[in-house]
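Me: I've got a structure open and I'd like to learn how to read it. Can you walk me through the domains, then the ligand site?

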Amino acid sequence: MLEVTNLSKHFGALHVTRDVSMSVAKGERRVILGPNGAGKTTLFNQLVGEFMPDSGSIKINNEDVTSWSVAKRANFGLSRSYQQNTLFDGLTIAENLGLAASVKTKKSTALWRDSLTSPDVRALVRETAAQVDLTEHLNKRVSDVAYGIRRQLEVGIALATQPRVLLMDEPTSGVGPEMIGAFHHLLKRLPEDLTVVIIEHDMGLAFDVADSMTVLNYGEVVFEGTPDEARESTLLQEIYLGTFEDA
Ligand SMILES: Nc1ncnc2c1ncn2[C@@H]1O[C@H](COP(=O)(O)OP(=O)(O)O)[C@@H](O)[C@H]1O
Ligand SMILES: [Mg+2]
């Protein structure tokens, strides 16, 4: 479903991704690990089209999208859960989800309040809210809900566009330990045929949701394998001394 081949990118002398290759099957949950600055977010920026790679290619569903714009990739079904500054604070959770859903259902957002009342948008909002456990919060304003709920909404907005491939960059960053369980529940219930790539620093969560793991270090893939193989890798034990122990 997602095929990355020899992706390289540098900023000046800094090689942020070096020959990164990765093949993620339909429905697979791939977790990306790696220390701060390893190039994980920069890899996502290239996947979504915000940065062009220097070399290498990206295929989605056998289609070479390497030269496509961000919008064209998004339309083709590549979605990234955005950081919370893209949420509309003054609108309700339902309205935020509705705007994302109306893009997919091709309802005009010029008259967005009208588009939100269309039956197919409303159905998609309800379905998405249930998927990300936000049903009871639908009528609350974003500015009135807790940080963890806003982060759930980011995932909801990405899902409301009905993607084939969902990229999540540290969905749990900044949330308290009490919310990790909520994200675990949410990640486990994503649609089975959705292909998911998650950058996740919470090792317990990462090991529990992953079908497979890719570890980046200094922009390079230094490991790819199952969570069990990762636990047994002496190389990873050395790079992340201690951090795998509670996984
Ligand atoms: N636009 C940019 N210009 C220059 N350097 C960048 C840019 N974006 C990221 N970097 C650098 O690339 C490296 C990888 O960053 P990043 O992909 O954010 O790492 P990670 O997400 O793994 O923590 C870092 O050293 C960062 O400073
Ligand atoms: Mg990052």
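Reply: The protein splits into domain 1 (1-77 + 164-169 + 186-247) and domain 2 (83-162), with bounds from an automatic or database domain assignment. Keep in mind that this is a predicted model, where local features need pLDDT of at least 70, side-chain atom pairs count only at pLDDT 80 or more, and totals for chains, interfaces and linings use all residues. Residues are numbered from 1 along each chain as written, chains are lettered from A and ligands numbered from 1 in written order, and side-chain values use heavy atoms, without hydrogens and water.

Me: What area is buried between domain 1 and domain 2?

Reply: Interface size is often given as the accessible area lost when the parts come together. Here that's about 780 Å², with 56% from carbon and sulfur atoms (1.4 Å probe, summed over both parts). On the domain 1 side, Leu166, Leu186 and Arg189 lose the most, together 54% of what that side buries.

Me: Which element gives the largest share of the shell around ligand 1?

Reply: Elements are DSSP runs: helices (H or I, at least four residues) and strands (E, at least two), numbered from the N terminus. H1 gives the largest share, three residues.

Terms used
Buried area = accessible area lost by both parts, 1.4 Å probe.
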